[in-house]
Amino acid sequence: MAGPQEDQKFCLQEVLDTFKLCLSEKKDVYLEHYVAGWRGLVKFLNSLGSVFGFISKDAVNKINILVTYLHGENGSQYVTVQSMVKYELDNELVDLTKRGSHPESGCRTLLRLHRALRWLELFLERLRTSSEDSKTSVMCSEAYNESLSQHHPWVVRKAAGMAFCVLPGRPAFLEVMNVGPPEQVVAMLGEAVPLISEVYQITEELYAQQNLLDLP
């Protein structure tokens, strides 16, 4: 049996497998697999030390809220992101304009993970296409500035900028993936990133249709 350390070890293969399971034939996003994929991504963030603590702690909190819904009395309404959005909107369980009686609605909670997923997607794609001596701090900052930073207050943006400065080099990142030599990691990222991207795009379009992209 694997010890607690083993359990915490990140493996890119796991994330790939999970995101493969995320979409139904109709391209609905299964919440259970989305959450499982995020658990893997949290391990990835944690394996790089405490620099991403501010994002991974928040992600864990959001994962736990969604799991509570999945296992709750209305769990059948939360099987897919699509069914969750419909159920919560139909039953007025979402704070649409200001935070009120539903500060932890499934829709709002998922939106926070969705935004962070975009940052990771952009960052992993840069890792995949960069050269050995490319600066991870630059890749991470660029990905952050194109995505999450727009939703963070100045204090968090400042902290993030400082955290990215001390990131290890690209070889260390590829090693953390626990896949094998760099070329194997790059190949697997080539499979994983488009899957993450597709899940992101489907969620983005759904939220855009329902005017949910700016939930408070």
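Helices here are DSSP runs of H or I with at least four residues, and strands are runs of E with at least two, numbered from the N terminus. On that basis the elements of this predicted model follow the order α-α-α-α-α-α-α-α-α-α from the N terminus on. The count is 10 helices and zero strands.

**Overall dimensions**

The protein has 216 residues, and a compact globule with that number would have a radius of gyration near 17 Å; the value for the protein is 17 Å, which agrees. Along the principal axes, the C-alpha atoms fill a box of roughly 50 × 40 × 30 Å. Of the 216 residues, 48% count as buried. Among contacts with a separation of 6 or more, 71% come from residues 24 or more positions apart.

The table gives their geometry.

| Pair | Angle | Axis separation |
|---|---|---|
| α3 (residues 31-47) and α4 | about 160° | 10 Å |
| α4 (residues 53-70) and α6 (residues 106-129) | about 140° | 9 Å |

Angles over 145 degrees count as roughly antiparallel. With an angle of about 160°, α3 is therefore roughly antiparallel to α4. The crossing of α3 and α4 is left-handed. On the α3 side, the contact is made by L31, E32, V35, W38, R39, V42, L45 and N46. The α4 side contributes I55, S56, A59, V60, I63, L66, V67 and L70. Sorted by class, this contact has 12 nonpolar, two polar and two charged residues.

The second pair has an angle of about 140° between α4 and α6, so these two helices are oblique to each other. Their crossing is also left-handed. From α4, the residues in contact are I55, A59, K62, I63, I65, L66 and Y69. From α6, they are G106, R108, T109, L110, R112, L113 and W119. By class, the contact of α4 with α6 has nine nonpolar, two polar and three charged residues.

Technical notes: Residues are numbered from 1 along each chain as its sequence is written. This is a predicted model: local features need pLDDT of at least 70, side-chain atom pairs count only at pLDDT 80 or more; totals for chains, interfaces and linings use all residues. Side-chain values use heavy atoms; hydrogens and water are left out. Axes are lines fitted to C-alpha atoms, for helices over the stretch in contact, and angles run from 0 to 180 degrees between N-to-C directions. Angles under 35 degrees count as roughly parallel, over 145 as roughly antiparallel, 65 to 115 as roughly perpendicular and the rest as oblique. A crossing is left-handed if the near helix is turned anticlockwise from the far one by less than a right angle, and right-handed if clockwise. Contact means heavy atoms within 4.5 Å. Ala, Val, Leu, Ile, Met, Phe, Trp, Tyr, Cys and Pro count as nonpolar, Asp, Glu, Lys and Arg as charged, and the others, Gly among them, as polar. The radius of gyration is taken over C-alpha atoms; the globule rule is 2.2 Å times the number of residues to the power 0.38. Buried means under 20% relative accessible area, exposed over 50%, partly exposed in between (1.4 Å probe, protein chains only).
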